[in-house]
Structure formats: C-alpha cells, structure tokens
Amino acid sequence: MSLAAKKVSRYIIAIIIIFSLNFVIPRAMPGDPLTNLLGEDVILTDSSVTTLRSEMGLDRSFSQQYLDYWRSILKLDLGYSFHRHSPVSDIIFTRMKWTLLLALPSLLLGGVLGTVLGALAGWRCENRSQKMKTAFFLGVYCTPPYFLCLLALYLFSFKFALFPLKGFYDTGSALDIAHHLFLPILVMTLFSLSRNYMIMRGSILQEKSSLYATYARAKGLYDAEILFRHVFKNALLPIITLLAMDFGFILSGALFVEIVFSMDGMGNLIYDALLSRDYPVLQGSFLIITLMVVSANLLADILYSRLDPRVRWH
Amino acid sequence: MRRSLYKLTFVLLLSILILGTVCQGGEDSSGTVLKIGTPNVVKSASILGDSNMGVLAHLSNPTLMKMAEDGKIVGLTAKSYEVSEDGKVWTFPINDDLYWSDGQKFTPDDVQFTFSYLRDNYPAAGWMKNTVDNISVEGDAVVFKLNKPYSRLNLEFATYPILARHIWEKVDKPMEYTNEGENVGYGPFYISKTDLAAGVVYFLKNPYWKGASPKFDSLVIHTYSNMDVLSLALEKGDEDAYYKYAGTYPYASMQKLKDTGNFDFVEKDNIGLIFLGMNLQKEPMSDINFRKALSYAINYSEILKLDALGYGQVPNAGFVPPSMMDFKETAKLEHNLTQAKSILADAGYKDTNANGIVEGKDGKDIKLAFLTRTDYQRTAELMAEYLKLLGIDSEMKSVDSSTWIKQKDAGEYDLTITRSTPWGMLMHANWGTGYFDSRRTGEGVLHVLDDPVFLKLCDDILASTSEDQLKDYAYDLQDYYAENLPAIALYWSKVETPYNRAWQGWYSDPLYGIFNVDNFLSVEKSK
C-alpha cells in the first residue's frame with residue numbers, strides 16, 4: 001500500500017471511530033433530550049411522555065438508534081432538534097457563519113502577527129522593547145480568557161462606551177456588525193497572538209543557536225535574511241500544528257467570548273446542547289468539528305512534508 | 001519591519017476609535033421604546049415550544065384568566081367565570097372588544113379552538129384529555145364540561161396563551177411551529193420580530209387594541225447569556241428594566257444599581273422558595289423525628305443573610321409563604337442545635353462509638369447522599385456544615401440540571417436543595433403539593449410523598465367546589481406540612497426587579513412578575 005493510501009485509510013478509520021464516539025458520549029451522560037425539555041414546573045402525563053419519547057426515537061434500542069444515526073449521516077441528514085424546533089443542519093449553518101465571522105479573522109490575525117512578532121522577539125531577545133513586548137504577551141497568555149473578555153468589555157464597552165455590550169448586531173448593517181464584532185475579535189486575536197508569540201519566540205531561540213544559523217552569519221548574510229529565509233522556516237513547525245488545531249476547533253473555541261458578549265454562536269450552541277442533552281445538535285456539531293479537525297490535521301501533514309524534508313523521507 | 005509594525009498598531013488603534021465613534025447611537029429611535037434586559041435566553045421563536053418565549057408571548061397572546069395582586073384569579077381575556085355547584089361546568093364569558101393585530105375580530109371561537117387544540121396537540125396540556133369532556137361556545141361565553149370536579153381550572157387557564165384560530169388551525173405540530181417574523185396577537189402589543197442571532201424580541205403596539213392605551217410605542221426585550229454583563233447594561237442605561245421569570249435580580253448586584261441614583265426596585269414577596277428536599281422513601285428521612293431534628297439544626301437566619309443578603313424572612317414550618325392565598329400562620333422554624341441533638345437521641349440516633357457521627361438504626365454511621373444542582377451549591381455547603389454539627393456526615397454531589405433530574409427521579413439521593421417556582425407552588429392541588437405528590441412526576445418535582453392523608457387532601461382540594469371549603473383544606477395542608485415536614489423551607493425571599501427611574505408605574509403580579517398586560521398598560525415615561 002502506498003504512503004498516501006495508508007494515510008487516507010488511517011484518516012477514514014479515525015473518522016469512523018470518532019463518529020461512533022460522537023454517538024456514544026452524549027448518551028453516556030445522565031438524562032436524555034426529554035429530561036430538560038419543557039421547563040421545571042411543567043408536569044406531563046404518562047401518555048404524553050410516551051408519545052414524546054417515541055417522536056424523539058428514544059424508545060428504540062441503543063443499537064437501533066446507532067444504525068439510524070449512521071443511516072442519517074450517510075444521507076447527510078443531521079436530524080431535528082426538539083429543543084430548538086428546527087433541523088440541526090439549519091441551526092448549525094446559521095450559527096457557524098457567525099462563529100466563523102468571529103473566529104476566522106482572529107485566527108488569521110493572531111497566527112500571522114503572533115508568528116512574525118514572536119520571531120522578531122526570539123531573534124532580538126536582548127532588545128529592551130522586545131523584552132517589554134514579551135512581558136505583555138506573557139501577561140495576556142497567562143490571563144484567564146473569561147477575565148480578559150470581561151475586562152475588555154468593562155473598559156471599552158462600559159467605561160468608554162465605544163462598543164456595544166452584546167450580540168452580533170442591532171440593525172444588521174455591515175458597519176453595525178463590524179462595530180459589534182470588533183472588540184470580541186480583538187480579544188480573541190490577543191489570545192491567539194500571545195500564544196503564537198510565545199511558542200514562536202521559544203522556537204526561534206532554539207533554532208538561532210543551531211550551527212546552520214551560525215554558518216549563515218559566517219557567510220555574511222544579513223540578520224533579516226538569516227531569520228526569514230532560514231531560521232523562520234524551521235521554527236515554524238510547532239506553530240503549524242497549533243494553527244491546525246486552532247482551525248479544527250474554530251467552531252467551539254470561542255465559547256468564553258460568546259458567553260461574555262451574549263453571542264449566539266457555535267460555542268454557546270454546543271454548551272447549551274450539552275446541558276440539555278440535545279443529542280441531535282451535539283452529534284451534528286461534533287460531526288462538523290470532527291471533519292474540521294481531521295482536515296486540519298491532513299493539511300498540517302501536507303505542510304509539514306513541504307517544509308521539512310525529513311517528514312517526506314520517513 | 002519594525003516601522004511597519006508600529007504603523008499597523010497605530011492603524012488598529014485608530015480604527016477602534018473611529019469604529020467606536022461612528023457607530024454610536026445606532027438605535028432606532030422612532031417613538032418611545034421601553035427596553036428590558038433578561039437572562040432568560042430564547043432558543044427558538046416558538047411560543048409553545050420555548051418556555052422563555054412562552055412567557056414573553058403572554059403580552060401578545062394573553063391568558064384567559066390572570067392572578068391579581070392578592071393571589072385571586074380574575075378575568076383577563078374572559079370577563080369573569082362561573083362554576084356549577086358540582087364543579088363540573090365552568091363558563092367563561094369573553095370580552096367582546098378584542099381584535100387580533102391583523103385586524104380580525106377576536107371571538108369566543110378562538111378560545112374554544114385554543115383549548116381543544118392544546119388538549120389534543122400540546123403535551124403540557126395533556127391533562128385536559130383526562131379531565132375536560134367538552135368545550136363549546138354558548139353566546140359570548142366558552143363552556144367547559146368536565147368529567148370530574150376540578151377546582152383549579154381557572155388557575156390553569158391563567159397560564160396558556162390564547163391562539164388565533166385562523167393562524168394555528170393550519171399548524172399540525174404546535175411545539176415545532178416557529179415564527180421569527182410577525183406573530184399575530186390580540187394583546188396591547190404583539191411580537192413583530194424575533195431575532196435570535198441578535199438576541200432580541202421586538203413588540204409593537206397592536207393597532208386594533210381597544211382597551212386602555214399603552215403609554216409607549218414599542219417594547220424591546222434583549223436576552224443576555226451573562227448576568228454580569230446584563231448588570232453593566234442596566235447601569236450604563238442600555239436597558240430600562242430587568243426581568244427574569246421566577247427569579248429576582250441578584251441581591252449582591254443591587255447596591256451598584258442603587259449607587260447610580262437612577263434605579264428603583266419593584267419589591268414583591270416571592271411565591272417560590274428555596275427548600276431542603278428529602279427522599280422520604282429512604283431511611284432515616286422517612287422518620288419524622290429525624291426530619292424534626294434536621295429542622296432544628298438549620299441556622300435559618302444565617303442562610304437568609306448569606307444566600308439572600310437578608311432580602312426575605314425566616315420561614316414557618318408550614319412551608320407555604322405568606323404571599324400565597326389562604327396562608328396560615330404556623331410555627332416559625334427555629335435554629336436550636338441542642339434541641340436538634342436531643343430529638344435525634346430520643347429517636348434512637350446516637351453516637352455510641354464517639355466518633356462524632358451518629359449511627360442509624362442499623363448501627364452504621366449516618367452518611368447522607370446530598371444531591372444538588374450547581375445553582376444551589378453554596379446553600380448545600382452551608383447545610384452540610386449544619387448536618388456536621390448535628391453529627392451527621394454527608395457526601396455532596398453537585399451536578400448539572402439534567403443529571404439532577406435523572407438522579408432525583410431514580411431516587412439516588414437522601415437530601416437535596418432545590419427551589420419551587422411561582423407556578424410550581426400553584427400547580428396540581430396548589431400550595432406546593434405538585435412538588436411532593438408521589439402520583440405525579442416532572443422535571444423539578446420530588447414526588448416522594450405517598451402518605452394517604454396527604455394524597456386525600458390533594459384530591460379533596462382538586463374536587464372542592466367552594467372557596468370556604470378550599471380555605472379549610474389549605475389550612476389543613478399547611479398544618480400537615482408543619483407537623484410532618486416533608487420538606488423544609490430555608491427562607492422566604494423577596495423578588496427584586498430593578499427599573500430605571502426614567503420610567504414609572506410598574507406593577508408586578510405574583511405569577512409572572514412585571515411581564516403582565518396590566519404592567520405594560522401602566523408603565524410610562526416619568527414626567
């Protein structure tokens with residue numbers, strides 16, 4: 001079997017296992033979608049409970065539900081949410097577009113800026129301004145996300161009244177959406193940036209003491225040339241893994257920001273589905289996340305082999 | 001490189017300022033808008049399928065009856081009601097000056113349709129299948145013929161929204177019906193739009209409303225997933241008032257609002273309460289002496305001070321709070337650890353091996369499984385301390401709501417801290433019976449009491465046809481609670497609803513707080 005075929009079959013097996021876990025894990029939690037459906041002070045008759053369980057397919061055996069689950073996946077049908085009264089694909093599509101609007105710019109900005117600034121900080125680690133930047137980003141990196149979100153909201157939205165306190169929009173115009181998204185994106189970018197900055201800085205520090213870097217210097221290459229033509233490429237490998245993971249978890253990674261800024265995105269959707277045991281929404285969301293994580297890993301594999309010949313040879 | 005990075009930082013900072021400034025005052029300012037912030041997040045635009053949306057819909061689709069300030073049930077869509085002597089025929093004459101927001105006349109036919117439709121299609125109204133035989137229109141009235149006396153019918157009808165026949169008769173599955181656009185209603189306001197992505201529900205004046213005219217033009221409900229941010233929004237002036245179904249504004253955040261000088265509070269005695277529930281099917285909770293000892297071990301004043309910051313009062317043994325109709329003054333619950341220990345010892349629970357933990361009747365140390373939802377963890381920790389002082393060990397399990405419901409229904413607990421909602425206190429045979437009657441089940445109820453005396457009392461209340469008789473039963477029930485302690489109220493609390501002083505005329509009813517038709521007809525801009 002060729003290397004590519006081996007890799008593809010490995011990914012397919014991983015997908016089958018993860019999809020099965022996506023079915024099993026929600027059902028391993030106590031309760032089911034009916035447990036928390038109608039409100040704490042609503043009393044149902046036994047016949048109503050039986051009817052609802054049947055409509056939700058909860059009266060079927062575990063194995064039957066599992067087969068139904070795979071049948072739906074193969075038909076690209078993500079099911080129906082009794083908690084949100086809508087097909088799961090519609091719910092996920094609506095939420096996903098907002099979350100991507102929120103998370104994608106921060107992922108890209110944080111990735112690019114974090115990598116470049118981190119590289120400079122590692123290369124010129126003795127420089128005073130670089131030390132100050134490192135201290136700042138280390139501070140951000142160590143701050144609990146929830147706290148930083150609240151702090152940013154308190155300062156910029158409450159104290160200085162520059163931004164709204166909640167939601168994706170009020171009127172729905174492009175400017176209004178940008179106004180609502182600016183602060184959450186800024187906070188998420190800061191998180192992503194500081195993490196990438198610290199990793200890249202460490203990676204550059206390690207690489208710059210390598211013999212090839214000394215050789216390049218001895219050859220008379222300029223600093224910027226050594227950094228961006230030789231060292232940067234080698235130091236980038238850990239960042240690629242992290243960015244691939246970020247991309248995989250882009251839909252669920254904005255949970256804290258979504259809670260603080262009252263944004264109905266994917267993070268909030270998954271969190272709420274977990275609490276209410278909304279199996280179809282959980283399965284649908286996990287399915288999309290699985291596909292994204294697997295494709296991100298595949299992309300990382302490809303990039304690795306492009307950047308590092310050792311990976312190609314092995 | 002460095003210079004371009006500085007430029008980039010500068011551009012970023014500049015754009016923050018520009019964006020922040022340009023987008024100020026984007027609010028639609030046509031007419032007078034009342035803005036209310038709530039932590040009750042609407043998940044779907046379904047007035048029958050989403051409980052939070054259902055509460056909001058009470059303004060556009062009012063109920064047949066309503067609860068007055070004194071707890072009595074009076075007419076809202078109906079003018080009043082009459083009940084036959086045998087309690088089996090209920091007649092509700094309907095107001096004849098009501099119109100749907102699309103211009104169609106509201107008729108008794110809509111009421112007849114609503115209850116027939118809900119009975120057949122809405123699981124939460126499934127009880128009607130076993131109780132209501134026939135619903136008919138007679139002149140301007142709707143008549144319900146029951147197969148058994150049911151004294152709570154008027155109260156039940158203070159919770160279901162009335163639906164437009166010409167809209168809903170085309171809907172097969174009411175729970176699945178969602179509408180993010182205009183919902184035809186007949187109240188003073190109707191829902192004009194539900195924007196789930198923005199977390200906003202918009203209400204506009206019903207142009208065909210013939211009653212007292214509302215004093216503002218539109219109502220906007222903003223939902224917040226974070227309570228701290230909602231508090232900031234109130235403080236900042238983004239919201240004019242706060243609303244939470246069956247809940248109060250956090251007591252700990254009240255002072256900050258008071259400090260602004262812009263806020264007042266509607267203060268009401270809560271019908272719902274926080275209580276210690278016990279699994280009466282298990283030893284030693286099934287022993288009344290053990291429960292009495294527990295009741296003396298609790299430091300009620302301390303719980304009231306720490307959990308509710310003093311906004312409430314120490315409860316009575318009779319459980320039912322004074323804000324409920326037909327309240328009876330029973331003995332005040334008292335903290336007396338010596339008395340608690342003495343009752344425990346007299347009942348045979350003694351620490352014979354002197355290890356600090358009393359032994360049960362099986363001779364083993366008592367270790368109780370203390371199940372609690374994360375919402376009440378702090379109270380449960382206090383309770384565990386009181387138990388320890390009494391010589392009772394406990395193992396706390398703090399879980400999410402779904403797990404709590406599942407484990408509670410499976411009887412996998414000895415003690416739990418939970419709450420009753422206003423409607424929860426009124427459901428079934430009223431006065432909290434719905435939480436204990438072993439013949440019923442539901443998400444928030446304990447259904448652990450199968451004492452024939454209690455069950456008969458519930459049945460008597462349900463079948464009662466006279467108000468005097470009902471009052472006697474209510475008194476008997478509160479005496480029963482006081483003597484048998486099937487649950488112990490931890491405190492009777494206040495419901496605090498903040499509102500900006502720029503608005504006045506607020507009215508809160510015992511069932512739905514400020515979210516009632518009368519309130520929104522009364523609220524106006526302060527002069």
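Visitor: Let's start with V41(B): is it buried, exposed or partly exposed?
Guide: Keep in mind that we're looking at a predicted model. A residue needs 20 or more other C-beta atoms within 10 Å to be buried, and 12 or fewer to be exposed. V41(B) has 16 such atoms within 10 Å, so it counts as partly exposed.

Visitor: Which residues is V41(B) in contact with, leaving aside its neighbours within four places in sequence?
Guide: V41(B) is found in the loop between β1 and α2 (51–56) of chain B. P214(B) sits 173 residues away along the chain, and its C-alpha atom is 26 Å from that of V41(B). Once the neighbours within four places are set aside, the contacts of V41(B) are N52(B), T223(B) and S225(B).

Visitor: Over to β1(B): how many of its six residues are buried?
Guide: β1(B) runs over residues 33–38 and is mostly covered. The number buried is five.

Visitor: Which residue in β10(B) stands opposite K35(B)?
Guide: β1(B) pairs in the parallel sense with β10(B), residues 218–223, over six bridges. In that pairing, K35(B) faces V220(B).

Visitor: And what is the bridge partner of I36(B) in β11(B)?
Guide: β11(B) covers residues 241–242 and also pairs with β1(B) in the parallel sense, over two bridges. For I36(B), the partner is A241(B).

Visitor: Now α16(B): how far apart are its end C-alpha atoms?
Guide: The helix has 18 residues, 467–484, and at 1.5 Å a residue it should span 26 Å. The model agrees with that, as the end C-alpha atoms are separated by 25 Å.

Visitor: What arc around the axis do the buried residues of α16(B) cover?
Guide: The buried ones are Y473(B), A474(B), L477(B), Q478(B) and Y481(B). They sit on the same side of α16(B), because their arc around the axis is only 140°.

Visitor: What element is included in the cover over the buried residues of α16(B)?
Guide: Just after α16(B), L485(B) takes a positive phi of about 40°. As for the cover over the buried residues, it includes residues 452–463 of chain B, that is, α15.

Visitor: Which element gives the most to the side of chain B that touches chain A?
Guide: On that interface, 51 residues of chain B are in contact with 49 residues of chain A. The elements of chain B giving two or more residues are α1 (2–22), α7 (227–236), α13 (401–409) and α14 (422–426). By class, this side has 20 nonpolar, 21 polar and 10 charged residues. The top contributor, with six residues, is α13(B).

Visitor: What percentage of chain A counts as buried?
Guide: Chain A comes to 14 helices and two strands, and its C-alpha atoms fill a box of roughly 85 × 65 × 35 Å along the principal axes. Among its contacts between residues at least 6 apart in sequence, 73% join residues at least 24 apart. Of its 314 residues, the buried share is 41%.

Visitor: Last one: over which residues of chain B is the pLDDT below 50?
Guide: The model scores ipTM 0.84 and pTM 0.87. Chain B has a mean pLDDT of 91, with 94% of its residues at 70 or more. Where pLDDT is low, the predicted coordinates should not be read in detail. The stretch below 50, which has 10 contacts in the model beyond near neighbours in sequence, is residues 20–29.

Conventions. Residues numbered from 1 in each chain as written. Chains lettered and ligands numbered in written order. Predicted model: local features only at pLDDT ≥ 70, side-chain atom pairs only at ≥ 80, totals over all residues. Helix = DSSP H or I, 4+ residues; strand = E, 2+ residues; numbered from the N terminus. Expected span 1.5 Å × (residues − 1). Arc of directions from axis to C-beta. Contact = placed C-beta atoms within 7 Å. Nonpolar A, V, L, I, M, F, W, Y, C, P; charged D, E, K, R; others polar. Pairing = 2+ DSSP bridges. pLDDT = per-residue confidence, 0-100.
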